[in-house]
Structures are given as structure tokens and as C-alpha cells.
Amino acid sequence: MESSATREHRLSALRQRTTIPVLIVGGGINGISTFRELALQGIPAIIVDKGDWCSAASGALSRMIHGGLRYLETGEFGLVKEAVIERDRLLKNAPHYVFPLRTTVPIDNVGGGLINTTRKMLRLGDKPSRRGVLLIKTGLSLYDAYTRQYGSLPKHQVRNEAETRERWPGFAPWVKYSASYYDAWISAPERLGLELIDDAERACPSALALNYLQVAHADGENMVLRDALSGEQFTVQPHVVVNASGAWIDRVNQQVSHESDSAKLIGGTKGSHLILNLPDLVSQLAGEMVYFENQEGRVCIMYPWFGNVLVGTTDIHVDDPDAVVCEEAEKQYIIDALRFVFPHIEVPESAVIYTFCGVRPLPASEAKLSGQISRNHSLVLLPPNRTRAWSTLCLVGGKWTTFRQFGEEAADRVLRLLGEKRRVLSRDLPIGGGRDFPRLSAQPSWQAQLSLQFGVPLPRVTQLVKRYGSRALPLLRLIQQHGEQPLTHHAGYSALELRYLIQHEQVCQLADLLVRRTGLAMCGELTSALMAELAQLFAEEKGWDSARAQQHLQETCASLASQHGLQQLNPDLAAP
């Protein structure tokens with residue numbers, strides 16, 4: 001399967017495959033990682049998702065790639081060690097999307113939280129409490145020890161009140177001290193997921209990835225998949241099913257085994273975030289993240305996001321992962337948390353330019369508070385039985401940062417079930433546009449060379465490299481051959497660039513392009529006029545008539561309003 005194959009080519013390949021070694025259900029980051037690991041071993045797995053890639057929890061993360069500092073409190077030292085190692089691997093393997101992030105913790109006391117943390121480590125409670133300088137410095141010293149052994153980021157620093165006030169004059173009066181350390185952030189997690197899929201299909205041309213393909217039903221020997229776009233059904237007989245559907249794991253298990261009393265594996269919690277247009281706060285943050293405890297002692301974050309500020313998060317138990325949106329009460333909760341640290345910052349309603357949320361696929365637990373539930377990952381194997389002929393491997397829990405390690409563990413379990421052995425390690429393999437991507441100091445000369453080579457202005461080269469890493473080269477070649485013009489309603493994109501994404505990156509819906517292949521929605525850059533222009537371009541690529549194009553535009557505007565709070569996109573005003 002060519003990595004640039006059209007959807008019809010992919011469906012045609014699926015029609016020709018009946019017996020398959022592995023079917024992966026769920027196109028979030030853990031399912032994608034497992035798919036890539038198996039493809040690297042030459043296993044022609046098939047991965048499907050009922051929606052787009054990384055469109056649920058894997059696209060609703062805090063955009064942090066972190067070692068999990070707070071997991072030290074609950075004694076999950078192994079998880080912190082693993083996360084620090086994987087964080088630093090991502091800094092090396094995906095340098096086009098993953099970057100160091102200096103992080104500051106505001107502190108109001110010296111000795112707070114010691115007793116409560118001891119109770120947490122002994123699993124005797126999880127009542128939030130304020131953490132003092134001694135506790136935070138102890139945690140950061142342990143964090144540094146892991147980083148020195150397994151990573152490469154600078155050591156932490158603790159500031160007294162005068163030093164804190166000098167750096168952070170906008171902090172609330174309760175802040176007496178601060179501590180700074182380094183973690184990392186990811187600029188385009190959904191794109192990184194897509195690049196992992198592309199890498200997998202290049203490594204194993206018989207591997208097949210199809211979005212908008214859902215499990216319809218199963219009869220014990222066969223599993224029926226349905227194209228969510230056309231309704232066409234496909235019958236496959238898998239040897240192993242990997243259930244990587246996150247918050248939907250229990251539903252998928254019941255759907256394919258017809259066992260209503262099967263063990264509950266998932267107890268998800270919702271996390272919501274806001275993108276705020278607050279130039280004053282962007283200036284005060286100056287490129288740093290503030291990692292803080294709100295009035296209740298709950299951990300929250302805020303940091304600059306492409307000229308805006310990303311703030312979060314909530315942690316609310318939910319039963320229906322299909323129905324989650326960021327509620328008004330959550331928005332106010334997050335804004336109150338922000339103003340707890342920066343009381344002089346005004347946050348008008350108009351400052352909220354985007355909202356997003358997802359359901360963390362935490363393991364089922366009797367814990368009263370979600371903070372007591374482990375953020376580690378695990379594998380649950382369901383052997384064949386009277387209702388199904390295949391083994392089912394369920395991927396439970398997990399963090400974005402540790403997706404590679406989780407995928408490696410899952411793939412190794414699948415390989416054993418298939419009687420195969422691992423041949424390739426992914427630990428040092430660059431991902432997508434991180435391949436042949438020069439280090440930071442060499443970027444200026446590399447980009448200048450590309451500008452001369454392709455005859456594209458240097459600012460445009462810089463822009464494309466920032467978006468796609470070394471995967472910008474095919475696009476630069478197209479620009480050299482055909483030229484390009486900026487969109488009428490957005491000077492930062494051209495029709496050629498967006499058509500390229502639609503043609504080569506499995507874009508099935510306009511929202512795929514706006515929310516996951518680009519940052520247009522999340523960065524608050526959409527207008528009614530731009531929506532109309534993009535809808536027309538999208539319809540031309542799909543061969544749709546004007547009536548279907550207008551209907552899709554209306555549906556997309558309604559979805560962006562309900563899912564992300566983009567109420568200003570009036571499809572009537574946007575009509576071509």
C-alpha cells in the first residue's frame with residue numbers, strides 16, 4: 001500500500017483481504033503506535049477508527065510531553081522513569097513537533113503537603129492539599145535524578161520571594177516562592193499520529209490504515225466493518241484483535257463478543273481545556289508554562305500557544321464518551337483557576353476562542369477521587385472463547401508521552417500470539433518530518449539552502465518547515481513546479497498546500513483539515529468567509545456539487561460550534 005494511496009485504493013485493498021493477522025480497533029495514539037510497531041516487524045496489520053485519526057482523547061491532551069512530576073506523589077516511580085525516557089526520545093525523534101518547555105511552579109509555603117503526600121504514597125487518601133517548597137524541591141530533585149540518568153534537560157531552580165516577584169510581577173500576593181524545571185510540549189500531536197501511520201505503511205506496504213471505518217458487528221468467526229461515509233460493509237477474519245479504542249474499550253468488547261457481563265476495564269474522566277486570546281498574559285508568560293494548584297489544590301496548567309494561551313484542565317467522571325463537550329461550568333472553573341494565579345488578568349467572554357475536551361481512558365477503579373487512579377498503562381488479554389475465534393488484546397490507560405513504549409509492549413504481546421519475533425526496535429527511529437531534520441543551530445542554513453534549491457521565499461520555507469518538518473520537501477517541490485497563491489481569506493496558506501493535505505493525508509471531512517491537519521480552528525483563525533473558501537476548495541477535491549458542499553459546510557459549522565465553542569461561524573454568511 002503506497003502511503004499516498006487514495007481512500008478508494010485503501011478500500012479496494014481491504015476488499016481483497018479476508019483473513020488478516022491483526023485488526024487494531026481505535027486510531028488514537030496507542031493504537032497507532034501498536035500499528036507502527038507491528039509494521040516495522042513486517043506484520044500486515046489493519047488499523048481502523050470510526051472517526052478520524054487522533055480525534056478523541058489523543059487530540060484533546062494538554063499538549064504536554066512530560067515525565068509526570070505529580071506521579072512521584074503517588075509512588076509511581078516506574079511510570080515517571082519511563083515517561084522521562086520517552087520524553088527525551090521524542091525530543092530527539094520528533095524535533096519538528098516536540099520542544100523543551102521551561103515550567104514554573106508558584107508556591108505559597110515552605111512545609112505544606114508532606115503529611116498528605118505520605119498518605120497518597122501509602123494509598124491512604126488523595127485529598128488535595130497545597131504543596132510547599134520542601135516537598136516540591138524534593139520531587140524536583142528526584143525528577144532531576146531521572147533526567148540526569150535518562151535525559152538531557154537542565155536541572156531545576158528554586159527562587160525566593162524577591163526573585164519570584166522580579167520574574168513574575170503579575171503573580172497573586174499569595175505566591176511567596178517559585179520553582180522552575182524543564183519538560184516538553186508538542187505543537188501538533190494529531191499530525192504526529194498521522195506521520196506514525198505514514199511511517200508504518202512505508203515500512204510494510206501491506207499494512208493498511210483506514211479512518212471512518214467502524215466495527216459493525218461480529219458473529220464469532222467474522223468481524224464486519226462498515227464504512228461510515230458510504231455504508232459499505234467489509235468482512236474480515238482476524239487472528240488477533242487489538243482493542244485500542246480508549247474510552248470505548250468496554251463497548252467494543254461487548255459489541256464483538258456479545259457478552260453483556262464482560263469485565264469493565266475503563267473508568268474514564270473528562271478533561272477540558274481553553275484557548276484564550278490574552279496578549280497581556282502571553283507577554284507575562286514569556287514562553288514558560290505555569291504549573292500550579294488552584295484554590296482546591298488541583299493541578300492546572302497554562303502556557304503560550306501560538307500567540308494565545310492554553311489553559312486547563314478539569315477531571316470529571318463521565319459515563320458516555322460520545323456526549324462530552326466543555327461545559328460552561330468547566331470554562332468558568334478554568335478561568336477562575338487562571339485568575340487565582342494572575343488576579344489582575346481580565347478574561348472577557350470574547351477571549352475564549354476555542355474549547356476542547358476528551359475522555360482519559362483510565363482503568364476502572366473504585367477510587368472516590370480520580371487522582372487516586374493510576375495513569376500507568378496495562379494490557380488485558382481476552383483469549384478466544386465460544387463467542388469469538390480470535391484473541392483480544394485490550395490497551396488500558398496510558399499517557400501520550402509513553403505511547404511508543406506502550407505500543408512496543410502491545411506489539412510484543414501480539415507477536416508472541418502470532419509466533420513471530422521482533423526484528424526492529426523503534427527507540428531511536430525518527431518520526432515523519434523529524435527524519436533528516438537538522439538540529440536547531442543548523443536550521444537557518446538548512447532553510448536558506450531549501451529556499452535557493454526550490455526558489456521559494458525564505459519566510460515561506462520557514463513557515464512550511466515549522467508545520468511539517470522535513471515532510472515539507474515534497475510540498476516545496478510542488479510549489480517550485482506549479483507556483484502558489486495565498487488564499488483570499490488567509491495569507492498563511494495556499495490552495496496548493498491545502499489540496500496537497502487533502503490528497504495525501506486521508507482528509508475525509510472538512511473538520512479533519514481544520515482541526516487536525518492544520519491549526520486553523522485551534523488558533524482561532526477561522527472566519528465565515530474563510531470557511532466558505534475552504535469548503536469550496538474541499539468540495540472541488542471531492543467532486544461534490546454545490547448543494548452537497550453547502551450541506552457539509554453547515555454540518556461542519558454546527559460541529560465546530562458544539563464541540564469547540566466556535567459560535568461565530570455562521571454557515572449562511574459563509575455561503576459561497
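This is a predicted model: local features need pLDDT of at least 70, side-chain atom pairs count only at pLDDT 80 or more; totals for chains, interfaces and linings use all residues.
Figure 1. The phi angle of aspartate 436 is positive, about 55 degrees, although the residue is not a glycine.

**Figure 2. Tyrosine 212, a buried residue in a loop.** The loop that holds tyrosine 212 lies between strand S7 (208-211) and strand S8 (213-218). Tyrosine 212 has a relative accessibility of 10% and so counts as buried, the limit being under 20%. Phi of tyrosine 212 is near 55 degrees, a positive value in a residue other than glycine.

Figure 3. The bond that links glycine 312 to threonine 313 is cis, with omega near 5 degrees.

**Figure 4. The stretch 117-125 and the confidence of the model.** The protein chain has a mean pLDDT of 91, and 92% of its residues reach 70 or more. Over residues 117-125, however, the pLDDT is below 50. Beyond near neighbours in sequence, this stretch has 18 contacts in the model.

**Figure 5. The chain that surrounds these sites.** The protein chain contains 18 helices and 20 strands, and 59% of its 576 residues count as buried. Its radius of gyration is 24 Å, which agrees with the value near 25 Å that a compact globule of 576 residues would have.

Terms used:
Residues are numbered from 1 along each chain as its sequence is written. Side-chain values use heavy atoms; hydrogens and water are left out. Helices (H or I, at least four residues) and strands (E, at least two) are DSSP runs, numbered from the N terminus. The radius of gyration is taken over C-alpha atoms; the globule rule is 2.2 Å times the number of residues to the power 0.38. Buried means under 20% relative accessible area, exposed over 50%, partly exposed in between (1.4 Å probe, protein chains only). pLDDT is the predictor's confidence in each residue, from 0 to 100. Contact means heavy atoms within 4.5 Å.
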